[in-house]
Structure formats: C-alpha cells, structure tokens
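Good morning, colleagues. May I ask you to look at the structure on the screen while I take you through it?

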Amino acid sequence: MDNSESANIVSTQQALAGGLQITVFADTITFNPNGRPAAAGDIKVCDDRKGAYGNTVTLNATGRVRLEKGSNCT
C-alpha cells in the first residue's frame, strides 16, 4: 500500500502473553475489493511446548481458511 491509499483496520490485539509465538507470512493481511486476499499464506501459532502442539491457519488465494492442528513447533 502506498501513501495515497487508505486502509480500514478491522481489528487489533494487545501484545501476546509470554510463551506464545505467532509466525505469519506477512506483516499485514490485505484483501482486494473482490474479497480475495492480496497474498496467500500461513499463520503458525505455537505455545512454549516443543513438538507437534501448534496450529497453522492457511489462507488460500480465494480467501478460504483451513486449520491444521498438530503443526511442529521448535
């Protein structure tokens, strides 16, 4: 987004508590006017445990969201 464009922020969140890690494919998730995301990718959420205790949220190019439980956390 350049300086001539404006954005509508839908939601914000306070800082995460210690022991929780989120890995995101981009700094922001932007949707085009047709409702499709500007980019597809994954968001991985892990707590302080190691191993297959995480969750991955996948956003595809059409805007469909899928949850995968048991993602590997390091």
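I shall begin with the chain as a whole and then turn to a single residue.

Please note that this is a predicted model, in which local features need pLDDT of at least 70, side-chain atom pairs count only at pLDDT 80 or more, and totals for chains, interfaces and linings use all residues. Residues are numbered from 1 along each chain as its sequence is written, and side-chain values use heavy atoms, with hydrogens and water left out.

The protein chain has four strands and zero helices; helices (H or I, at least four residues) and strands (E, at least two) are DSSP runs, numbered from the N terminus. Along the sequence the pattern is β-β-β-β. The radius of gyration of the protein chain is 14 Å, well over the 11 Å that the globule rule gives for 74 residues, so the chain is more spread out than a compact globule. That radius is taken over C-alpha atoms, and the rule is 2.2 Å times the number of residues to the power 0.38. Along the principal axes, the C-alpha atoms fill a box of roughly 45 × 25 × 15 Å.

How many of the 74 residues count as buried, as a percentage? The figure is 14%, where buried means under 20% relative accessible area, exposed over 50%, and partly exposed in between (1.4 Å probe, protein chains only).

I now turn to threonine 58, which lies in strand β3, residues 51-59. Is threonine 58 buried or exposed? Threonine 58 is buried, with a relative accessible area of 16%. Leaving aside residues up to four places away in sequence, threonine 58 touches Gly41, Asp42, Arg64, Val65 and Arg66, contact meaning heavy atoms within 4.5 Å. With aspartate 42, the side chain of threonine 58 makes a side-chain polar contact at 2.9 Å. A polar contact is a pair of N or O atoms within 3.5 Å; within protein, one must be able to donate a hydrogen and the other to accept it, and residues adjacent in sequence count only if both atoms are side-chain atoms.
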